[in-house]
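Try each task on your own before you read the solution.

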Amino acid sequence: MDVLVLIGRILFVPLFLSSAVGHLTQTKQMGQYAAAKGVPAAGPATAGSGVLLLAGGISVLLGVWADLGALLLVVFLVPTALLMHAFWKEEDAQAKQTEMIHFNKNIALAGAALMLFAFFSYVGDDLGLTVTGPLFDIS
């Protein structure tokens with residue numbers, strides 16, 4: 001099971017790490033896009049979300065308090081879905097569909113990250129191939 005969980009962690013995080021790089025290297029451009037979507041303090045929010053993505057992704061990947069890392073990803077994904085992909089505000093059918101796809105993707109990934117949080121917290125130190133055990137204990 002340890003190897004399967006490791007492979008799952010490796011497959012789960014590239015999306016978050018590549019997105020973190022974009023948030024942190026193209027903060028101005030992404031901040032302008034976020035501002036256009038109505039995100040308050042869009043520049044700092046973009047940089048902050050990049051840090052959340054980076055910290056959460058690395059944590060899950062390496063197994064350093066992977067439960068906390070998964071929770072950080074949830075903290076990024078849910079507000080992003082609601083603020084950046086508010087499909088219910090779109091009037092154009094194609095834009096509405098595109099935003100709905102992104103919204104559903106983020107909510108589904110948040111659900112998966114929440115399950116990872118529960119899994120890592122519940123299994124605890126019994127899960128191998130991690131650098132540390134979990135920070136939380138929900139057993």
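This is a predicted model: local features need pLDDT of at least 70, side-chain atom pairs count only at pLDDT 80 or more; totals for chains, interfaces and linings use all residues.

**Exercise 1. Describe the overall build of the protein chain: which elements does it have, and how far does the C-alpha trace span?**

Step 1: count the elements. There are 6 helices and 0 strands, so the order from the N terminus reads α-α-α-α-α-α.
Step 2: look at the extent. Along the principal axes, the C-alpha trace covers about 50 × 30 × 25 Å.
Step 3: check cover and surface. Of the 139 residues, 35% count as buried. The accessible surface is about 7700 Å², and carbon and sulfur atoms own 70% of that.

**Exercise 2. Work out how α1 and α2 pack, and which residues meet.**

Step 1: pick what to compute. For two packed helices, you want the angle between the axes and the distance between them.
Step 2: apply that here. Helix α1 (residues 2–12) and helix α2 (residues 14–25) sit at about 30 degrees, axes 5 Å apart.
Step 3: list the contact. From α1 come Ile10, Leu11 and Phe12; they meet Pro14, Leu15 and Phe16 of α2. That contact splits into 6 nonpolar, no polar and no charged residues.

**Exercise 3. Is Phe136, a member of the nonpolar surface patch, buried, partly exposed or exposed?**

Step 1: locate Phe136. You'll find it in the segment after α6 (93–123).
Step 2: classify it. The relative accessible area is 32%, so Phe136 is partly exposed, as buried means under 20% and exposed over 50%.
Step 3: Helix α4 (residues 42–62) gives the largest share, 4 residues.

Note on methods
Residues are numbered from 1 along each chain as its sequence is written. Side-chain values use heavy atoms; hydrogens and water are left out. Axes are lines fitted to C-alpha atoms, for helices over the stretch in contact, and angles run from 0 to 180 degrees between N-to-C directions. Helices (H or I, at least four residues) and strands (E, at least two) are DSSP runs, numbered from the N terminus. Contact means heavy atoms within 4.5 Å. Ala, Val, Leu, Ile, Met, Phe, Trp, Tyr, Cys and Pro count as nonpolar, Asp, Glu, Lys and Arg as charged, and the others, Gly among them, as polar. Buried means under 20% relative accessible area, exposed over 50%, partly exposed in between (1.4 Å probe, protein chains only). Accessible areas come from the Shrake-Rupley method with a 1.4 Å probe; for residues, only the protein chains shown count as cover.
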